[in-house]
Structures are given as structure tokens and as C-alpha cells.
Amino acid sequence: MRWVNRQISRSDRLLWGALPILLLMLLYIFAAAERHAANPSDKILPLPSGMAQAMSALIFERDMLSGQFLFLADTLASLQRLGLGLGIATLVALVLGLLLGALPPVRAVLGPLVTAIAVIPPIALLPVLFIALGLGETAKVALIAIGVAPVMLRDIAGHVAALPREQIIKAQTLGAGSWQILIRVALPQAMPRLFQAVRLALGPAWVFLISSEAIASDVGLGYRIFLVRRYLSMDVIIPYVAWIALLAIAMDVALALGSRRCFPWAQGANH
Amino acid sequence: MSTLLSLRDLWVEYGDKIVLEKVDLDIAEGSFVSIIGPSGAGKSSLLRVILGQESPTRGTIMLDGAPLAPECGPDRGVVFQRYSVFPHLTVLQNTMFGLECAGSPLTARLFGAARAKARAEATAMLEAVGLGDNLHIYPAQMSGGMQQRLAIAQALIKRPRILLLDEPFGALDPGIRADMHGLITQLWREFGLTIIMVTHDIREAFSLGTRVLALDKRRHDPHAPHRFGATAVYDLPLRPREEEASPREETAA
């Protein structure tokens, strides 16, 4: 059978998908064991037991200085920043995207500005944000929001502007005005796209979060990784990176499922 | 029969390309006007101008003796070939949309007794077009013919003065198309509609219409074909409305 025609069943797909991940893990453990055989105090490739030990201290023991459970505190701080930043960006993208996409005068006035902001690399704005907003939470949240909002906004605006002209005409022949078209025709049809945009924005949002935490912070997943880097503590860095990946996957899956549940009409021909 | 819509000396130009020139028409109330013509003869442009989607370069359009605003409104309903229904609303919600917009300017949603009344009205309209058993499905779950039935119900619930059809059955199978011809004739009679239909199908134009307009260019300049526009070259009154009563043969192609 040709490879383009081979369909893998659902259960087999899980198995096949897990295979390369397991292989990589196995490869790592072999390499780590090799290094530890030569040098029992090797720090570059820690063994799983070493990671478990280092992480248990961060998870289950209170930090002597702050009296906090560091892993929990890092996770909550990072998620709060990410949630606030993404939340603000999503709201701005939805409201402005709808207006820009549906109302030609708004597009004429704000379109060039949005394009100009979108082409600025957000990291280049980080010093500006730190100077203007201080080194606290505001600057980090602002970096995430400014980093992901323009792309999401343009995506939503483009999607709304591309709604078939016939629909907008039809709505007007049914007596709808601009506002009614915005909330009853454009908004509901922009929502699945918004979920999609948030999913795609998660990657950049994590990049901006970790960057801002690495530069100026005293708690957070990115802060911890860059702090323990000084001591070559790969036994903390690797579990933290894995934890970030797990959080990112969980958010992506939650958004995908949420979109499918909330907008059954957008799932194509589902009869 | 009184004149409902009158076009006087109507020109439509895009840049230096003249699409329609000197169109003079009077459309009587209760008539079913079919518009035919070759591609590019301005059939759809004429419909868009009457709909208010575009404004004419020159000329006037009067509806019930008053000049028409160059914007779409609830006095003119429309059914396009595609994309006429809202994919995010169910059949019932699609049909109620027009009632909700009129009843609630701020939220465009009705509640309580007003909602129940709109719902009953929409259900009755959907039963009239044969969708009474499919109130809660989305357009993506429906066939092309059902979507066009929905589009017609959606437009008719506003009781438009004129119903404009832009190749409404062009994308349908021949069998379904024959059913739709029966439906539109029946609705036209029941609701006393005035219909203007653009079509490519000459058989459809003659079997449905009470009057057939053929648009084409009267003059042709081989060196500058875009400088002459089309107009109504044939205007064929077919039959008065009363003769409609006898069912005509409808042969599926």
C-alpha cells in the first residue's frame, strides 16, 4: 500500500507517537549512566534519581529564605503573568480585531498603526517597558500582551474582513445595523478563530514570559531556570523545562477541546 | 397593477468601463421578473444596484414613489447563490434573526413573550418552505437545496417589498432545482411577492417569470468593448398573474 494512503488507527497512533519520545528518554538515560560511570558527581547529564532528589527539595520543602514552596510559587507566579498577559492581549485583539475587520473607517484609521506596532520586535521594547513600568509584574505582563496582541489582532481582523460579503448584505436586508452585525454576525464567527489565535500565541507568550523573568524577577519558572544555571544545576533545569512543556500542552489541549465544545457549528460537516 | 419599482436613465460605470447604460424599467407590483443575459452583461450589477449594495453612477431608482437610499434595507430581501445563511446559527435562529434585529436594537436578541412570538412566526415560515422538521440543525449539516430554502424563509420573514434572487438555484442538482421552482412559485403566489430573479438558465427564466428581461449590449465597439454598456434589449411580458393558476409542466433537465 502507498504511504500516502496508510491510515493509522487511534490506538496505534498513541503507540507510534510515544515511540520516539520513549527512545529519546532511553538514549538520555544511557548517556547519563555512561557519564556517571566515569564521574559519579557529573552535573551535565543528571540521572532521573538526581532530578527527583533535586525537585523533591523544591516541591516539598519550604525555602529557608522566603518560607515558600518554591516550585509551587514559581508555577503560580508564571501562570499568573502568562494568564494576565494573554488575557489582556485576547481582549484587545477581539475588540479591536472586530472593529478593524468589520468597519472600514476604523480600519483606515487604525490599520497602519497596528501594522507598525506589529513589526516591532517585542523584546526590543523590553528595556522601554522596564524603564517606563519598573521591574515589577506590570512590565512582564505588558511584554507578553504587547508581544502577542498585534498578531492576534491582525488575525481576527483579517478573518472578520474575509467573512463573505453576502452575509453582511443579507444581515442588512434583515434590518441589522452596524452594531447588530458586529455582535450577532461578526463576533460569534470570530470566536473559534480567537481560540485558534490564542493557541498559536501560547508559544510566543511563553518566550516573552521566560525572557522577562530571566532578566528581572525574584520568582517564576524562567527565573528559577536562569538562577540555577549558575550552578550548572541541570537536575533542576531539565524537570522545569519538562514542566513548562507539560503546562503548554495542557493549555493547548484545553483550548482545542473548549473550541470544539463551544462552537459545534465551526467543525465543518459533522453529520 | 401599480408600479412598485422604477428605474430611470440608470448608468453603472466602474472607472471607464461602462456596465449598464440607460436602463429604463418599471416593475409592477406582484410580478416575477426574470433577468437573463450573457456573462458580463451587468445582470448582477443591476441586482446589486436595486439591492442598494452599489449606487448607480447616474440615474434614479424609486421604490413606491420614493427615491431609494444607496444602502441595503429590510424593504428589499435577497437570496444569493451561496453564503446567504449564517453558519453559526441554527435553522430557527437564522430565521428569527430578522425579527430579533427589529425588536431589540441593542442586543439583537429577544426574551420572554416577544421571543416566543418570534419563534412561532419563524417556525410557521420554516414550515412553509418545508424545513419544519429541521429547526435545530446548523447550515453545515444541510444540503444546498435546504440551505436555499432556509435563505428564502429568512428573507421572507421580513415581508420585503421586493425579493431579489441572484442565481438562487444555480448550484443545485436538477431534481432539487425543480422542487425549488415549485416552492418559489407557490410562495410567490401565497405571499403576493414581487420577485426579481437573475439567472443563467433560460428555461428557468421563462417557466417561472411573468416577464423576462434580456440584458445585452446594443452597440459594440471592437476597439473599445468596455465603452458601451448593456441595457434591456428584450422585454417580454409572458402572462398576467391570473393565468398562473394552472400548474405548468416542470421538466427536470
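View 1. A:Ile156 touches A:Ala93, A:Leu94, A:Gly97, A:Leu98, A:Gly101, A:Ala190, A:Arg193, A:Leu194 and A:Ala197, leaving aside residues up to four places away in sequence; contact here requires C-beta atoms, placed from the backbone, within 7 Å of each other. The model is predicted, so that local features are given only at pLDDT of at least 70 and side-chain atom pairs only at pLDDT 80 or more, whereas totals for chains, interfaces and linings use all residues. Residues are numbered from 1 along each chain as its sequence is written, with chains lettered from A and ligands numbered from 1 in the order in which they are written. The largest nonpolar core has 107 residues, of which A:Ile144, A:Ile156 and B:Ile196 touch the most other members. Helix H6 (residues 137-161) of chain A makes the largest contribution to this core, 14 residues. From chain B, the core takes at least three residues from each of domain 1 (1-75 + 162-183 + 193-253) and domain 2 (82-159). Such a core is a set of buried Ala, Val, Leu, Ile, Met, Phe, Trp, Tyr and Cys residues joined through C-beta atoms within 7 Å. A residue is buried if 20 or more other C-beta atoms lie within 10 Å of its own, exposed if 12 or fewer, and partly exposed in between, with C-beta atoms placed from the backbone.

View 2. Helices (H or I, at least four residues) and strands (E, at least two) are DSSP runs, numbered from the N terminus. Helix H9 (residues 221-228) of chain A has as its buried residues A:Leu221, A:Gly222, A:Tyr223, A:Arg224 and A:Ile225. These buried residues pack against H3, helix H8 (178-215) and helix H10 (234-262) of chain A. Chain A has a mean pLDDT of 91, with 99% of its residues at 70 or more; pLDDT is the predictor's confidence in each residue, from 0 to 100.

**View 3. The contact between chains A and B.** In this contact, 25 residues of chain B meet 21 residues of chain A. On the chain B side, strand E6 (76-79), H2 and helix H4 (144-156) each supply at least two residues. H2(B) gives the most to that side, with four residues. The side of chain B that touches chain A comprises 15 nonpolar, eight polar and two charged residues. In this classification Ala, Val, Leu, Ile, Met, Phe, Trp, Tyr, Cys and Pro count as nonpolar, Asp, Glu, Lys and Arg as charged, and the others, Gly among them, as polar.

**View 4. The two domains of chain B.** Chain B is divided into domain 1 (1-75 + 162-183 + 193-253) and domain 2 (82-159), with bounds from an automatic or database domain assignment. The C-alpha centres of domain 1 and domain 2 of chain B are 26 Å apart. Ten residues from domain 1 of chain B and nine residues from domain 2 of chain B take part in the contact. Helix H5 (residues 174-191) of chain B gives the most to the domain 1 side, with four residues. The domain 1 side has nine nonpolar residues, no polar residues and one charged residue.

**View 5. Strand pairing in chain B.** Strands pair where DSSP finds at least two bridges between them. Strand E1 (residues 3-14) of chain B runs antiparallel to strand E4 (residues 58-63) of chain B, joined by five bridges, and B:Leu7 stands opposite B:Ile61 in E4(B). E4(B) also pairs in the antiparallel sense with strand E5 (residues 66-67) of chain B, over two bridges. E4(B) and E5(B) form a hairpin with two residues between them, and B:Asp64 in the turn has a positive phi of about 55°. E6(B) is covered on both faces, with B:Arg76 and B:Val78 buried on one side and B:Gly77 and B:Val79 buried on the other. Four bridges join E6(B) in parallel to strand E7 (residues 162-166) of chain B, where B:Leu164 is the bridge partner of B:Val78.

View 6. B:Asp9, in strand E1 of chain B, has a positive phi of about 50° although it is not a glycine. B:Asp9 is exposed because 12 other C-beta atoms lie within 10 Å. B:Glu167, in the loop between E7 and H5 of chain B, has a positive phi of about 45°. B:Ser104 lies in the loop between helix H2 (91-103) and helix H3 (112-128) of chain B and touches B:Arg109 and B:Leu110, not counting residues up to four places away in sequence.

Technical notes:
Two residues are in contact if their C-beta atoms, placed from the backbone, lie within 7 Å.
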